[in-house]
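Work through the exercises below with the model open. Try each task before reading its solution.

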Amino acid sequence: MIPAQPKTKIYLASRSPRRRELLKQIGVAFEVLVLRDHPGRNVDVDESQLPGENPDDYVRRVSRAKADAGWDKILQRRLRRFPVLAADTVVCVDDIILKKPPDPSHAAKMLRLLSGREHRVLTAVAIKLDERSELVLSETRVRFAELSQADIEVYVASGEPADKAGAYAIQGRAGAFITELHGSYSGVMGLPLYETLQLLGKF
C-alpha cells in the first residue's frame with residue numbers, strides 16, 4: 001500500500017538535478033537546500049571514506065550527515081521547519097566504491113572494471129525533522145554487457161560519465177550497456193521512489 005503523498009513540503013539537501021526530477025515525478029513539493037561540497041573549500045559534509053568502512057556503512061553515514069547538515073542550515077537561517085531529505089548514491093564492485101570520476105581517464109578505467117560483470121548500486125535516503133531522523137537503504141544489482149574499448153571511448157567522449165557515480169548514467173546512453181537489473185531503477189538514478197515515498201509517509 002503506497003501512503004498518501006505528504007501535504008507539507010520538504011527541503012532537498014542535494015544539488016542533483018536527477019533527484020529534483022524524481023521528486024517532481026511523484027508530486028512531492030520541495031525547496032532545494034544547497035550544501036557546500038566544493039573540494040578545497042569549507043564543506044558541510046566530509047565525504048571521505050573511513051579506513052575499513054564498507055560501502056553500505058559509508059552510504060548510510062554520508063546520507064545521515066547530509067540530512068543533519070541540512071537541518072543545521074534550517075536552524076541557522078531560521079527557516080520554516082519542514083523535513084530535510086538527503087540521499088547518497090555509490091556504485092561498488094565487491095567492496096570498492098566507484099565515486100564520480102575526476103577526469104575522462106578515470107571514467108574509462110571505471111567502465112572497464114564494470115564491463116561484463118555485476119555491480120551494486122546503493123542509495124541511502126535520510127529524512128530529518130527536529131530530533132527525529134529516519135533512513136532507508138536501497139540496493140540494486142546491475143550487470144553490464146562486455147564493453148569494447150571503442151564502446152568505452154565513445155561513451156567517455158560523450159561527456160555523460162562526468163559527475164556520475166560509477167561513471168555512467170542509467171537514464172542516458174549507458175542504459176544500452178545493461179543486460180540485467182534487480183532492484184530499483186530510480187535508485188540507480190539517485191533516489192529510490194518507492195522507498196522515498198514510504199519514508200515520507202512516516203512524517
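The exercises go from the whole chain to single residues.

This is a predicted model: local features need pLDDT of at least 70, side-chain atom pairs count only at pLDDT 80 or more, and totals for chains, interfaces and linings use all residues. Residues are numbered from 1 along each chain as its sequence is written, and side-chain values use heavy atoms, without hydrogens and water.

**Exercise 1. Overall fold**

Task: Find the number of helices and strands in the chain, and the pattern they follow.

Solution. 
- Step 1: Assign elements as DSSP runs, numbered from the N terminus: helices are H or I with at least four residues, strands are E with at least two.
- Step 2: Count them. The chain has six helices and seven strands.
- Step 3: Read along the sequence. The pattern is β-α-β-α-β-β-α-β-β-α-β-α-α.

**Exercise 2. Size and surface**

Task: Compare the chain's radius of gyration with that of a compact globule.

Solution. 
- Step 1: Take the radius over C-alpha atoms; the globule rule is 2.2 Å times the number of residues to the power 0.38.
- Step 2: For 203 residues, the rule gives a value near 17 Å. The chain has 17 Å, so the two agree.
- Step 3: Along the principal axes, the C-alpha atoms fill roughly 50 × 45 × 30 Å.
- Step 4: Check burial (buried is under 20% relative accessible area, exposed over 50%, partly exposed in between, with a 1.4 Å probe and protein chains only). Buried residues are 46% of the 203.
- Step 5: Check contacts (heavy atoms within 4.5 Å). Of those between residues at least 6 apart in sequence, 65% join residues at least 24 apart.

**Exercise 3. Alanine 167**

Task: Is alanine 167 buried or exposed?

Solution. 
- Step 1: Locate alanine 167. It lies in the loop between H4 and S7.
- Step 2: Read its accessibility. At 0%, alanine 167 counts as buried.
- Step 3: List its contacts beyond four places in sequence: Pro101, Ala107, Met110, Leu111, Tyr155 and Pro161.
- Step 4: Compare sequence and space. Alanine 167 and leucine 98 are 69 residues apart along the chain, yet their C-alpha atoms are separated by 7.9 Å.

**Exercise 4. Positive phi**

Task: What are the phi values of aspartate 94 and aspartate 163?

Solution. 
- Step 1: Recall the background. Most residues other than glycine have a negative phi.
- Step 2: Aspartate 94 has a positive phi near 55 degrees. It sits in the loop between strand S3 (84-93) and strand S4 (96-98). Its relative accessible area is 56%, so aspartate 94 is exposed.
- Step 3: Aspartate 163 has a positive phi of about 65 degrees. Its loop runs between helix H4 (149-157) and strand S7 (178-182). At 45% relative accessible area, aspartate 163 is partly exposed.
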